[in-house]
Every structure is written in structure tokens, then in C-alpha cells.
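This report is a guided reading for someone who meets the structure for the first time.

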Amino acid sequence: MMRKVSTAIGALLLVGLLVVGGCQLTQSKASQPDTAKWEQIEEQTSAIETVDKQAVINGGEFNKFFPSNGDGYERVYTQEKDGFAEAKLKQDGNTLAMLSVSDTVSNPAAVNKYQNSDRTLQGYPLAEVGSTATSLLVADRLQVKVLSRDTDFAPSDREAWLEKFDLSGLAKLVD
Amino acid sequence: MSKPIYELVNNLPEKNLTVFVLRSLDKILPGEWENIVGFENTIRQVTGESDAVLIEQIGARAIQLYNDKSEGYQRAMWLYQTIDSTGRALGQAALAGKVTENVPFLSIVNRLTPKPEKAQTIDLCMKLVTEIVAFCKINGIPGDSVGDFVKALGDYGGESLVRMAGLVCFDGLVPLGPNFIKQTETVLGNLTPKDLESNPAFKAIKDAVPGNKTDDQLTFIGASFESVKGWMGGFVESKGITPQGVVANIRTFVDIADDKMDYFGAFLDISTNYYEHTGVQTLTRRLVERAVAEI
């Protein structure tokens with residue numbers, strides 16, 4: 001009798017597992033190819049631990065070199081992490097762009113794009129990446145980037161806002 | 001390590017009870033939330049870029065940042081997942097396979113027990129503390145002044161704002177009623193460290209709550225509630241939200257009987273994970289914003 005009961009419970013559990021498992025299977029199926037692709041990318045990506053974290057400048061050091069509020073523009077700081085600070089540029093409540101400074105010591109590959117750059121802004125090498133980003137490299141190390149978040153915010157606007165950073169102030173952080 | 005970030009985002013459901021419940025908030029916050037699922041899709045939406053190679057670069061950097069424990073993203077993810085998981089086991093069993101149908105609230109009502117007011121109040125506060133701690137883990141403490149930080153906190157939009165609206169509606173108004181802010185203040189005022197230690201939600205995330213002793217943690221919880229109660233009250237008033245209104249918006253897909261209203265808070269508690277769902281979305285958005293700026 002006991003054996004029958006336990007078999008019945010076992011069967012019920014199995015059905016339960018199949019139902020739950022089946023649901024999960026159908027749910028994740030659609031995105032499986034994407035997950036496999038990123039798995040592969042993850043395997044090819046080195047761990048961040050390989051960089052010297054002690055050498056990375058704290059993001060808080062960058063804040064005071066950002067363009068200031070005014071002329072109807074509002075700057076809202078959004079992130080401050082090791083080697084990174086970011087702010088939103090807003091006007092009338094709309095986000096026009098993201099403004100950021102990052103220390104390339106934590107991501108050395110970022111520097112490569114400036115090596116072939118034939119343009120400069122205030123003497124710093126300039127690079128345009130994708131359709132939304134313009135950036136420059138200060139003191140061969142600090143990347144200042146402006147990313148459009150509104151279709152009307154053109155590459156020329158990005159360059160104008162790059163110039164509003166205190167670039168020479170940032171350069172002194174590296175000395 | 002827990003699941004990789006791309007897997008968590010790829011596995012976000014497009015349709016389930018949590019998504020329906022979050023959509024019901026559209027009446028309060030029109031157009032604020034779009035259920036963005038999928039890692040690659042999130043990168044496209046957040047950055048506005050479409051070049052495949054560039055998207056892979058951004059994704060690789062995001063994965064790298066997420067995988068580094070000292071960056072704090074995994075801790076934030078754990079918080080969002082943990083605070084939502086207390087009490088959900090029963091719900092998942094009861095609702096297995098029924099997620100896209102009209103949800104049979106009545107069929108599980110006999111398994112529900114409304115939480116005592118004190119426990120519900122602590123739950124509300126613990127979700128709030130989760131939000132504050134997770135915010136700092138994800139974003140750091142942006143800016144150079146208290147004003148900058150308050151501005152950063154006030155800049156909630158999209159899924160973050162909807163999560164806060166969910167907190168007010170599903171963990172405040174529905175289970176505790178229209179006076180939930182006053183009630184929470186009263187309960188918090190009389191709460192002892194011992195009360196706190198016996199609460200499952202607190203126990204689950206205790207290690208992440210600032211403070212060395214339970215006493216200090218209680219102070220932090222009180223201060224957290226104090227700092228956002230004004231926003232909560234203003235939100236309820238400006239949007240004219242009532243418990244009945246919240247329930248009416250959900251009623252289109254859940255068959256709630258009027259005499260079982262007391263059970264509805266418990267029903268939402270066990271059957272949805274809106275904090276985790278929108279938490280994954282917020283975290284990924286911020287991670288991608290950082291990754292695209294750093295590459």
C-alpha cells in the first residue's frame with residue numbers, strides 16, 4: 001500500500017515537474033539563439049579583474065569638469081562608479097544627450113579608435129562611433145563622450161558639448 | 001555566480017501576470033513603461049544603435065562589468081530577486097500554466113491569507129530599502145552634493161518610475177488602504193528590533209541593509225521611509241489613486257470578487273514579481289548606458 005502511494009506521489013511530482021519545466025522551455029525557446037550568441041561573446045571577453053583597479057581614477061573626480069547648468073539646459077548626474085561618471089543633458093524635461101567621462105585604464109581597448117583618428121578638437125583626438133556617439137581622448141587616457149538621445153541632437157551639437165567640458169582640468173587629473 | 005545578465009534579460013516574459021499587472025499602471029502613468037525584453041533588444045532601444053558589431057561590443061563590455069562582483073551590479077540584482085521571492089513559491093505552484101489566461105483568483109483564494117498589518121508594513125519598507133540600496137549599487141552616489149543626489153533620485157522614469165508606482169499601489173494602497181502612509185509611520189514608530197528580526201522580508205535582505213546592528217538598521221529603514229513618504233503622498237494625490245481604482249484597472253484580466261478584496265494584496269504578493277521584472281530592466285539599462293560610454 002505504502003509503495004503504491006509513494007509511486008503515485010512520484011508520478012504526480014513528475015507530472016508537476018514536466019508542466020513547470022515545459023512552461024519554462026516554451027518561454028526561453030524564443031530567445032535561445034540570442035543567449036547562445038552572448039555565451040560565446042562572454043567566453044571571448046576577458047574578465048575585468050585583469051586591469052589594475054588601484055590605478056583607476058574614481059568617477060567622483062570627474063564631476064566638477066562637466067558642463068554646468070544654464071541657458072535652459074539642465075545637467076542631472078546619473079552614475080558615478082570607479083573610473084566613470086555620467087550625466088543626462090536635459091531641456092524642458094526631455095533628455096537630449098548623455099555626457100560622460102571614463103578612465104580607459106579600466107577598458108584599454110577604448111583607446112584604439114583614436115590611433116587612426118585624423119580629427120582633433122582643442123588638440124585632443126576625436127572619434128565618431130556608430131550613429132550616436134562622439135568622443136575625444138584627453139591626456140591619452142580619459143575618454144570624454146557625448147551620446148545623442150534625441151534625433152535632433154546632431155553630431156555638431158555633440159562636438160559643441162564636448163568643448164563645454166573643462167578638458168584642460170581633466171588633463172591635469174592624469175599628471 | 002548567478003545567471004548571466006543576458007540570460008536574465010532574455011528570459012524576461014513578454015506576457016504573464018506580472019506584465020499584465022504592470023500594464024494596469026498605464027492608466028496612472030500613460031506611456032511610461034514599455035516591456036523591453038531581450039539583451040540585444042535592450043541595447044538597441046537604450047542606445048539607438050543598429051550596427052551589429054557595435055552592439056556586440058557594447059554587450060561584451062556590459063557583460064564584463066556585470067561579471068565583476070566589485071562593481072555591485074550582482075548585489076543589486078540579488079536584492080531585486082530576493083525581495084520579490086519571499087512568499088512566491090505557493091503562488092507559482094498555484095498558477096503554473098495559467099499565466100496568460102484570465103487568472104482564476106477565486107480558484108486559489110482559499111490558499112491565501114492576508115498578511116497582518118505589521119508584516120505588510122515591514123514588507124513595504126523593505127521594498128523601499130531595496131530600491132535605495134540597489135540604486136546606490138547600480139549608480140553609485142552621483143554628483144558632488146546632496147542636491148545632485150536628490151536630483152538623481154528624482155529623475156526616475158520608465159520602468160523605475162513604474163516600479164515605484166507599483167510599490168505605492170500594490171504594496172501600499174491595496175493591502176493597507178488609503179491611509180497607508182500614516183499607518184506605516186505608526187507601525188514604524190512602535191517597531192522593535194525583535195519585530196524586525198522575525199520578519200521574513202527583513203531576514204532575507206538583512207545583510208544588505210546599512211547598519212551594523214538591527215537597531216541601526218531599524219533607524220535606516222525609518223529614515224528611508226521618512227525621505228520618500230512625501231513623494232508617495234504627492235504621487236497618490238496628484239494622480240488621484242484609490243485602492244478601488246487600482247483594483248478596477250486589474251479587473252479586466254483577474255476575476256476579483258468584491259467580498260474577497262482583503263485577499264487581493266496577498267494574491268498579488270504571491271503571484272507577481274514586478275520588483276524583480278522591472279529591476280532587471282533598470283539594471284540592464286544603466287549597465288548598457290555605461291558600457292556604450294566606456295567602449
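Two strands count as paired if DSSP finds at least two bridges between them. In this predicted model, strand E5 (residues 124–129) of chain A and strand E6 (residues 133–138) of chain A are joined by four bridges in the antiparallel sense. Within this pair, Leu126(A) has Leu136(A) of E6(A) standing opposite.

These two strands belong to an open sheet of seven strands in chain A, whose order is E1-E2-E3-E7-E6-E5-E4 and whose pairing is antiparallel. At its edges lie strand E1 (73–81) and strand E4 (120–121) of chain A, each of which pairs on one side only.

Chain A as a whole has five helices and seven strands, and read from the N terminus its elements follow one another as α-α-β-β-β-α-β-β-β-β-α-α. Of the contacts in chain A between residues at least 6 apart in sequence, 49% link residues that are at least 24 apart. Some overall values for chain A are set out below.

| Property of chain A | Value |
|---|---|
| Residues counted as buried, of 175 residues | 43% |
| Accessible surface | about 9400 Å² |
| Part of the accessible surface that belongs to carbon and sulfur atoms | 53% |

In chain B, how many of the eight residues of helix H16 (residues 264–271) are buried? Eight of the eight are, so helix H16 of chain B is largely enclosed by the rest of the structure. The buried residues of H16(B) are Phe264(B), Gly265(B), Ala266(B), Phe267(B), Leu268(B), Asp269(B), Ile270(B) and Ser271(B).

Where the two chains meet, 52 residues of chain A are in contact with 48 residues of chain B. Between them an area of about 4000 Å² is buried, and carbon and sulfur atoms give 45% of this area. The count of salt bridges between chain B and chain A is six, and Asp155(B) forms a salt bridge with Lys90(A) in which the closest N and O atoms are 2.5 Å apart.

On the side of chain B that touches chain A, the elements that give two or more residues are helix H1 (5–10), helix H3 (39–47), helix H4 (52–67), helix H8 (117–139), helix H9 (146–154) and helix H17 (274–294) of chain B. H4(B) gives the most to this side, with 10 residues.

How values were computed
Residues are numbered from 1 along each chain as its sequence is written. Chains are lettered from A and ligands numbered from 1 in the order in which they are written. This is a predicted model: local features need pLDDT of at least 70, side-chain atom pairs count only at pLDDT 80 or more; totals for chains, interfaces and linings use all residues. Side-chain values use heavy atoms; hydrogens and water are left out. Buried means under 20% relative accessible area, exposed over 50%, partly exposed in between (1.4 Å probe, protein chains only). Contact means heavy atoms within 4.5 Å. Accessible areas come from the Shrake-Rupley method with a 1.4 Å probe; for residues, only the protein chains shown count as cover. Buried area is the accessible area (1.4 Å probe) that two parts lose on being put together, summed over both. A salt bridge is a side-chain nitrogen of Lys or Arg within 4 Å of a carboxyl oxygen of Asp or Glu.
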